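Me: I'd like to learn how to read a model like this one. Can we go through it feature by feature?

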Amino acid sequence: MPDGTGRTRDVSTAGVYVVTDRWYGIGESIEFTLVFPEPPAPPPVRLRCQGTVVRVEPREAEVGLAVMMTSSAIAPAE
């Protein structure tokens with residue numbers, strides 16, 4: 001998420017649930033990168049994604065978002 005940070009709670013082939021420090025509205029298109037832990041040898045796998053927010057769950061200091069992925073691609077190593 002370019003303007004915020006987040007951590008995933010659930011990931012599937014269709015979408016992701018993320019807890020973030022930035023508010024997004026239902027129907028909003030967002031771009032984000034999922035970083036998977038390093039396999040036995042570096043670098044970690046990065047999946048650059050685009051999606052649409054389908055659910056927003058306000059929390060005390062954060063927001064939970066359900067995002068339907070509309071596209072994804074392996075990102076180049078940094």
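Me: Let me start with one residue. Is Thr-52 buried or exposed?

Reply: The general idea first: buried means under 20% relative accessible area, exposed means over 50%, and partly exposed is in between, with a 1.4 Å probe and protein chains only. Thr-52 has 18% relative accessibility, so Thr-52 counts as buried. Before we go on, this is a predicted model, where local features need pLDDT of at least 70, side-chain atom pairs count only at pLDDT 80 or more, and totals for chains, interfaces and linings use all residues. Residues are numbered from 1 along each chain as its sequence is written, and side-chain values use heavy atoms, with hydrogens and water left out.

Me: What does Thr-52 touch, leaving aside residues up to four places away in sequence?

Reply: Contact means heavy atoms within 4.5 Å. With those sequence neighbours set aside, Thr-52 touches Gly-27, Glu-28 and Ser-29, along with Ala-66, Val-67, Met-68 and Thr-70. Thr-52 itself sits in strand E4.

Me: Which residues have the most contacts inside the largest nonpolar core?

Reply: In soluble globular proteins, nonpolar side chains tend to be buried together. A nonpolar core is a set of buried Ala, Val, Leu, Ile, Met, Phe, Trp, Tyr and Cys residues joined through side-chain atoms within 4.5 Å. The largest one here has 14 residues, and Phe-32, Leu-34, Val-53, Leu-65 and Val-67 have the most contacts inside it. Strands E2 (15-20), E3 (29-36), E4 (45-58) and E5 (63-74) each supply at least two residues of this core.

Me: And strand E1? What does Val-11 touch, not counting residues up to four places away in sequence?

Reply: Val-11 lies in strand E1 (residues 6-11), and with that exclusion it touches Val-16 and Leu-34. Val-11 is partly exposed, with a relative accessible area of 43%. Val-11 and Val-67 are 56 residues apart in sequence, yet 9.7 Å apart in space, C-alpha to C-alpha.

Me: Now the whole protein. What is its radius of gyration?

Reply: That radius is taken over C-alpha atoms, and the globule rule is 2.2 Å times the number of residues to the power 0.38. With 78 residues, a compact globule would come out near 12 Å, and the protein has 13 Å, which agrees. Its C-alpha atoms fill a box of roughly 40 × 25 × 20 Å along the principal axes. Of the 78 residues, 32% count as buried.

Conventions. Helices (H or I, at least four residues) and strands (E, at least two) are DSSP runs, numbered from the N terminus.
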